[in-house]
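Visitor: I'm new to this one. Could you show me how to read its features?

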Amino acid sequence: MTETSSTRSAAQEEQGASRTRLQRLMRHLPLIAPFLLWAVPCWVLLHTGQRWPLPVTLIGTALFVLGLAGMPLAMARGHGRRQQDRAAIVGDALLGGIWVLFTWSVLLGVLLRLVLTVAGVGDGQGRARIVTWTVLCTAAVLLAWGYAEARRVPRVRRLDVPLPRLGAGLDGTRVVLITDTHYGPLDRARWSARVCETVNSLEADLVCHTGDIADGTAERRRAQAAPLGTVRATRARVYVTGNHEYYSEAQGWVDLMDELGWEPLRNRHLLLERGGDTLVVAGVDDVTAESSGLAGHRAHLAGALQGADPDLPVLLLAHQPKFVDRAAAHGIDLQLSGHTHGGQIWPFHHLVRLDQPAVAGLSRHGARTLLYTSRGTGFWGPPFRVFAPSEITLLVLRSPERSTSP
């Protein structure tokens, strides 16, 4: 064996060992993460030189221990087979609250303490207590604001999207995108009705829902989803499944959306015609559909485009942004997606980027394909949105052949 081959073999073995260690760490992450989420704030707020009276230290530590034990239990009872809404509300609130407290304990626990030390403010105990009260106040403000952001009707985000292959007759086509409504343990029937009123005010040609309608079965969340039946569009209302439908009897949601007058685009397409020009509107099941074991459910782009004229522009609905690799390979003009929630609670978007090619907004992939990723209309789990506002999106399609803007 040559020296070069030996070196390459040693490097490959080292890479293989690194991957094995990483895989081992990832397997233990579900056990490690909850402990860190609760242990780090407990340590920063109570045990880094504050010298609180003993009862304060004991009670505070006990509360963190109770949270560490109670959050997974509540999440399991709320989102597991029992589907207990009250437990889900408690578990979700604890998860959101401790994520915010963990984030700012880490940031302010290091940075603010350093600034105070450099500035010569107080002694060690004084600086430690300033950090504690600053972290607690920051977390309280962000959680109150984040709750209001999550529960309000989303603002409308308007965006012109140029599509080089779009015919002049389709210029100005108004596409409204809602996604990730996540009707769930907190009853949002009134919120749902107000969202639909906002959608109707936009006078859309096409209204799209790109999945994750709810957490729970169609039977359990019917009342919250019912206002979707009031949505109006001059051409069509179309829907594709998200990954959460496959946790909650996806076929039931497909059937309910059909009942409410929406057209489920399950690996199929329809044609939107205006002014003598045509747009192919296609949709695929979520990428998790095939692993769900549900007969007939899978993401099949070739099937969705079967019979469509390849010279026509294509608008594709796919729940997860990462489907864009397949879309670009097929020369799709525009893919609409959700799933990411824009991270929902800062700085979670950094973790989303490990799994998805885009977190929010318009991006280009390949020579032709544009991807629009919505931050979502509702919220999942924790009822908070911090630096990741929800949205109802109005996309106005633009043709390069248009002579004037409407």
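**Pockets and a helix face**

Guide: Let's start with a lining: around the second largest pocket there are 14 nonpolar, 3 polar and no charged residues. Ala, Val, Leu, Ile, Met, Phe, Trp, Tyr, Cys and Pro count as nonpolar, Asp, Glu, Lys and Arg as charged, and the others, Gly among them, as polar. Bear in mind that this is a predicted model, where local features need pLDDT of at least 70, side-chain atom pairs count only at pLDDT 80 or more, and totals for chains, interfaces and linings use all residues. Residues are numbered from 1 along each chain as its sequence is written, and side-chain values use heavy atoms, leaving out hydrogens and water.

Visitor: Which residues lie nearest the centre of the second largest pocket?

Guide: Rolling a probe the size of a water molecule over the atoms shows where empty space is left. Here, Leu45, Leu63, Phe64, Leu101 and Leu136 lie nearest the centre, out of 17 lining residues. A pocket is an open set of points on a 1 Å grid over the protein atoms alone, where a 1.4 Å probe fits, with protein on both sides within 12 Å along at least five of seven lines; lining residues have an atom within 4 Å of a point.

Visitor: And which residues of helix α6 are buried?

Guide: Buried means under 20% relative accessible area, exposed over 50% (1.4 Å probe, protein chains only). In α6 (residues 218-225), the buried ones are Ala218, Arg221, Gln224 and Ala225. They fall within an arc of 110 degrees seen down the axis of α6, so they line one face of the helix; the arc is that of the directions from the helix axis to the C-beta atoms. Glu219 and Ala223 are exposed on the other side of α6.

Key: Helices (H or I, at least four residues) and strands (E, at least two) are DSSP runs, numbered from the N terminus.
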